[in-house]
Amino acid sequence: MSTFFQMRHVTREFGGLRAVSDFSITLERGELTGLIGPNGAGKTTVFNMITGMLRPTAGDITWNGENITRLASHQITARGIARTFQNIKLFADMSVLENVMVSSHYSIESSFLSAMLGLPKHGREEKRIREHSLGYLEQAGLAPLAFEKAQNLPYGLQRKLEIARALATQPGMLLLDEPAAGMNPMEKMELAAFIRRIREKYGITIFLIEHDMKFVMNICERIKVINYGQPIAEGTPDEIRSDPEVISAYLGGVSHAQG
Amino acid sequence: MNKKLKFRLNVVSLVLLFGVLFLFNRYGSGYQVRILNNIGIFITLAVSYNLINGVCGLLHLGPNGFIAIGAYTSALLSMTPAEKELNFIIEHVIWPIDVIQVPFAVSLVAAGVVAAFFAFLISFPVLRVRGDYLAIVTLGFGEVVRVLCNASQSVTNGPLGLKGLYPHTNLWWSWGVAILTVVVIQRLINSNYGLAMKAIREDETAARAMGVDPFRRLMLAFLISAFFSGIAGGLLAHLITTISPGLFTFFLTFNLLIMIVVGGLGSTTGAIIGAALFAWGGEALRIVEQPMEIGRFTIPGIPGMRMVIFSLILMLVILFARKGIMGRSELSWNFLESKLAGWRRSQTLP
């Protein structure tokens with residue numbers, strides 16, 4: 001059996017700067033893995049390369065046995081990798097439901113002509129997409145707000161809507177870029193429960209970037225650490241906690257700060 | 001509100017509209033009919049232009065190019081070979097245009113198809129860029145078309161233009177096409193395709209991450225918009241009956257832009273209101289150019305005064321309704337129903 005998801009020796013340079021160098025990772029089906037590192041370590045660059053928003057300078061990325069290194073991001077989404085963004089990127093002026101309905105667009109079967117002529121086949125498909133999307137909103141507890149504009153949602157719910165929207169593309173792997181950023185402890189606990197729940201329900205692989213150590217240690221089974229674009233450690237939360245290199249690069253400062 | 005009721009309301013309002021058109025067609029003066037024709041054509045133009053600028057959020061400044069292509073295509077196809085002989089006095093018109101003649105309806109469809117074909121060709125360079133750059137590229141396209149119309153004497157008759165077209169365009173044509181355009185484009189906007197286009201407008205990166213291919217969706221919008229602009233160009237040609245490159249300058253685009261911005265970018269209803277206001281308002285304001293008597297004072301008529309007033313009105317609209325008259329909302333039956341319900345509530349409260 002081919003590996004589920006693999007990045008091999010992936011490097012990305014911006015001019016003379018090596019944002020990510022020689023990054024390799026293998027993820028299995030249903031795994032929940034964290035990617036941590038100090039600010040500017042290249043975590044989001046890794047995500048951008050996986051989702052086709054940036055082309056790696058070297059190395060390759062395979063998904064279900066297919067090389068997806070050079071695919072465009074919409075093609076990668078269609079193959080089953082979805083993501084959320086560090087700075088929330090919702091379709092602000094569209095309703096909560098419409099935000100999620102966009103995620104079904106790549107799989108639409110009826111042509112634009114049948115949409116323009118209002119053929120019954122298209123109507124049925126619209127209805128199916130609507131119900132499918134409402135299902136994901138219910139899962140996220142956002143169904144009562146379906147017709148609210150996305151920009152009017154409180155911050156925590158906007159983050160949740162982003163996850164619901166990504167889930168609606170029916171991914172095999174979900175990338176969460178700092179899902180807990182800016183949340184209070186209550187919201188973080190709720191989010192952790194939500195992430196566990198969706199993993200169980202859909203059986204998907206989750207790969208997440210997070211700054212909150214407690215959150216990451218609590219939720220992830222495996223953690224990968226990078227610093228200055230270089231991977232420096234990989235292991236279970238306990239291993240990472242006691243890894244001297246990680247402590248000196250990153251955790252030392254944080255655990256002092258947390259007292 | 002249920003579907004059946006909506007359908008009935010739609011039918012009733014269509015019948016009403018055609019009733020009004022029928023009355024004007026029968027009893028209205030030539031001047032009134034002309035204004036109504038203008039309104040119909042400008043509705044088609046504004047609604048199809050709004051698909052790009054309002055729904056997809058691209059600052060496209062070249063619809064004048066597509067309108068010109070449509071107007072010339074339709075005119076050249078509907079003229080009789082004898083008329084072409086009369087028009088082309090400097091250079092003979094090239095084969096096969098000199099022998100072809102098709103019915104008006106066919107020439108309109110051809111106008112749309114040819115305009116869409118040009119849209120297809122230029123969408124490759126145009127859709128590589130966004131924002132100001134896209135505006136400049138499309139602006140350039142509009143200008144190139146105009147210059148080409150001027151220069152290719154043996155196809156377009158150059159600056160002399162085409163004269164003596166048969167006035168095929170009547171109220172049924174201009175409003176029939178307008179209604180068809182509104183229905184079809186509105187259906188598209190409300191479908192999942194429209195959602196994808198709006199998603200690109202709101203956040204292109206996020207749209208791509210959700211599996212939307214921006215290039216294909218924007219090209220689709222571009223082609224559809226050009227198709228209807230081309231048809232409206234054909235209607236315009238057969239309304240004015242004389243076309244020349246000077247008719248399709250950037251000023252035409254500029255007027256369309258004003259219509260959709262005043263009406264509300266992204267709202268089809270807004271585009272309709274904007275087009276109607278523009279086509280009718282410009283004429284209605286002619287009163288201010290006539291000599292007026294206020295009490296003992298007599299104000300002599302000032303030519304050009306209506307454009308001053310018109311500009312002032314535009315400024316006021318934008319000052320007080322910065323998102324245009326409609327914003328991004330649509331005047332639908334549901335919208336009216338909720339407004340009515342709100343009004344009723346306010347009546348029953350003390």
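Analyst: Two strands count as paired if DSSP finds at least two bridges between them. Strands (E, at least two residues) and helices (H or I, at least four) are DSSP runs, numbered from the N terminus. This is a predicted model: local features need pLDDT of at least 70, side-chain atom pairs count only at pLDDT 80 or more, and totals for chains, interfaces and linings use all residues. Residues are numbered from 1 along each chain as its sequence is written, while chains are lettered from A and ligands numbered from 1 in the order in which they are written.

Take β7 (residues 173-177) and β8 (residues 205-209) of chain A. They run parallel and are joined by 5 bridges. A:L174 faces A:I206 in β8(A). This pair belongs to an open sheet of 6 strands in chain A, ordered β6-β7-β8-β3-β9-β10. The sheet's pairing is mixed. Neighbouring strands are turned by 20 degrees against each other on average, direction ignored.

Chain A has another open sheet. Its 4 strands follow the order β2-β1-β4-β5, with antiparallel pairing. The edges here are β2 (17-27) and β5 (66-67) of chain A, and each pairs on one side only. Inside the sheet, β1 (residues 5-14) and β4 (residues 58-63) of chain A run antiparallel, with 5 bridges between them. A:Q6 has A:T62 of β4(A) as its bridge partner.

Helix α1 (residues 43-50) of chain A lies across β3 (32-36), β6, β7, β8 and β9 (222-227) of chain A, at about 145 degrees to β7(A). α1(A) also lies across β1, β2 and β4 of chain A, at about 65 degrees to β2(A). Angles run from 0 to 180 degrees between N-to-C directions of axes fitted to C-alpha atoms, for helices over the stretch in contact.

Now cross to chain B. The contact between the chains takes 30 residues from chain A and 23 residues from chain B (C-beta atoms, placed from the backbone, within 7 Å). On the chain B side, α8 (171-190), α9 (192-202) and α10 (204-209) each supply at least two residues. α9(B) gives the most, with 7 residues. By class, that side has 12 nonpolar, 4 polar and 7 charged residues. Nonpolar means Ala, Val, Leu, Ile, Met, Phe, Trp, Tyr, Cys and Pro; charged means Asp, Glu, Lys and Arg; the others, Gly among them, are polar.

Within chain B, α5 (residues 104-126) packs on other helices. Its axis and that of α3 (residues 63-78) of chain B come within 8 Å and cross at roughly 145 degrees. Residues of α3(B) in this contact include B:F66, B:I69 and B:G70, and those of α5(B) include B:F104 and B:S107. The α3(B)-α5(B) contact has 11 nonpolar, 6 polar and no charged residues.

α5(B) also packs against α11 (residues 214-240) of chain B, at about 140 degrees, with the axes 7 Å apart. Among the residues in contact are B:F120 and B:S123 of α5(B), and B:M219 and B:H238 of α11(B). This contact divides into 16 nonpolar, 8 polar and no charged residues.

Methods. Two residues are in contact if their C-beta atoms, placed from the backbone, lie within 7 Å.
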